[in-house]
Amino acid sequence: MQKEYKTITEISGPLVFAEIDEPVGYDEMVEIETPNGETRRGQVLESTSKFVAIQVFEGTSGIDRNSSVRFLGETLQMPLTEELLGRVLSGSGEPIDGGPEIEPDEERPIVGAAINPTAREYPQEFIQTGVSAIDGMNTLIRGQKLPIFSGSGLPHNDLALQIARQASVPEEEAEGEDGSEFAVIFGAMGITQEEANEFMDDFERTGALERSVVFMNLADDPAVERTVTPRLALTTAEYLAFDKGYHVLVILTDMTNYCEALREIGAAREEVPGRRGYPGYMYTDLATLYERAGRIEGREGSVTQIPILTMPGDDDTHPIPDLTGYITEGQIYIDRNLNSQGIEPPINVLPSLSRLMDDGIGEGLTREDHEDTANQLYAAYAEGEDLRDLVNIVGREALSDLDNQYLDFADAFETEYVQQGFETNREIDETLDLGWELLSQLPKEALNRIDEDLIEKYYVEDEETVEAATADD
């Protein structure tokens, strides 16, 4: 029998404090009934033998000391079924697409179950995003967590949508397996109504919604709801992956809004703040989300994560990107200078990194020249970037012919390889061939990071050079 209390002592921001006479479980669900009969949902955030702190999902306006509190004896559950594919839900898991009520096959706690480290399978298979700067240079691997570091006003949402509609598993498609076994979970936190409309228009226009589950938390929704949105999304992903065999890509945007919600709740609880006012436990909290990516031995499916965050002030030493970088396996940088030049998507490959890339590329996975090509492209572009700084001092005339070739290569790399627009979907072979076209602008002897056999096979000879060589013979 549920006990009902009318012992609210304090209301602070999104939190309600109430006295109790018996222990209440951490994360237990609560119903608060206001004097006018409205029912709000909440969750126990802190519990002692004498009082509880409850975070209210729908906001605390209208709640007063005359409101009643009921403890439901269970944690927040996510209703799960394959029929969720194609549905749009609110940040708290309620359908908002006008469709029928969800009839779940089962319900599970949103906190998830930790994967036994010994049962984890090492991520190895390649996921094709259709974006050359990612596929060619910072490859996404199935079961990996690879965040996108962006800044305010940059087109990270356009990149997220591009990945959501283009992502595929070429290995299984080549084997003739059903493409529907790849699913996308899209969790949006603290976005504007305009952004939400753009997301939904794109999902519906491209048909990507059919293989997706969308969780939508808007900027005017209660901040505390943002703390459950990614957990609802990841619980759904785990069910589809490990119970139904789907390969699931989870895109979470914007993790900065999630962390701001943590800071707001921490301030309401009068916690001692950590760096820049964020909770001292934010590292642990983020880890409980990011570490839910991976593969499990003996299970067909996988959960791959692309969290997106906007770095305040474009500062990658800020606590949010800093802690995210410690937990995840690399990062993709959206660059403001490239964006100002009209490069789409404006991905800067130099500070970007995929720590698992080497394990998911090469012969039998992508192509035998992938690793060498990526290394050489990186080195040549870095050389060109360094020379740009030198040109500002001494001018191009003071540089050697090879240095000028590197400068031309850097320009071509940005305008032809990185630049592809948000609607273009490039196959991995197309990306690698484009890399060779660019590298072939440099002399063969400058390609010191590529095996000679691969140079002979893929290097694109200039027609005039070939004609001259034929004439000499």
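Which residue of S3 does Ser12 stand opposite? In this predicted model, the residue opposite Ser12 is Leu15.

**View 1. Strands S2 and S3 run side by side in antiparallel fashion.**
Here we look at the stretch around Ser12, which faces Leu15 of S3. Strand S3 covers residues 15-19, and 4 bridges join S2 to S3.

**View 2. Seven strands make an open sheet with antiparallel pairing.**
Reading across the 7 strands, you meet them in the order S1-S7-S4-S5-S6-S3-S2. At the edges stand strand S1 (4-5) and strand S2 (8-12). Each of these two has a single partner strand, so one of its sides has no neighbour in the sheet.

**View 3. The largest nonpolar core brings together 71 residues.**
Have a look at Ile163, Met216, Ile251, Ile347, Phe409 and Phe413, the residues with the most contacts inside this core. Helix H11, spanning residues 401-418, gives the most to the core, with 8 residues. Another core, of 55 residues, lies apart from this one; Phe17, Ile115, Val303 and Leu309 are among its members.

**View 4. Ile347 is shown here with its contacts from elsewhere in the sequence.**
Neighbours within four places in sequence are left aside. Ile347 is then in contact with Val131, Ala133, Ile134 and Leu159, among others. Its contacts also include Ile332, Tyr333, Ile334 and Leu338, as well as Ser352 and Val418.

**View 5. The largest pocket holds about 430 Å³ of space.**
A total of 19 residues line this pocket, and the closest to its centre are Tyr26, Asp27, Leu45, Arg231 and Asp285. Strand S5 (39-47), helix H6 (255-268) and helix H7 (282-290) are the elements that give two or more residues to the lining. The largest share, 4 residues, comes from H7. Sorted by class, the lining of the largest pocket counts 9 nonpolar, 5 polar and 5 charged residues.

**View 6. The second largest pocket holds about 310 Å³ of space.**
Of its 18 lining residues, Arg41, Gln77, Pro79, Glu94 and Glu107 are the closest to the centre. At least two residues of the lining are supplied by each of strand S4 (28-33), strand S7 (68-75) and strand S8 (77-80). By class, you will find 8 nonpolar, 4 polar and 6 charged residues in the lining of the second largest pocket.

Terms used
Residues numbered from 1 in each chain as written. Predicted model: local features only at pLDDT ≥ 70, side-chain atom pairs only at ≥ 80, totals over all residues. Heavy atoms only, no water. Core = buried A, V, L, I, M, F, W, Y, C linked by side-chain atoms within 4.5 Å. Buried < 20%, exposed > 50% of the residue type's maximum accessible area, 1.4 Å probe, protein only. Contact = heavy atoms within 4.5 Å. 1 Å grid on protein atoms, 1.4 Å probe; cavity = no way out; pocket = protein on both sides within 12 Å on 5 of 7 lines; lining within 4 Å. Points joined across faces, edges and corners; volume = space filled by probe spheres on them. Nonpolar A, V, L, I, M, F, W, Y, C, P; charged D, E, K, R; others polar. Pairing = 2+ DSSP bridges.
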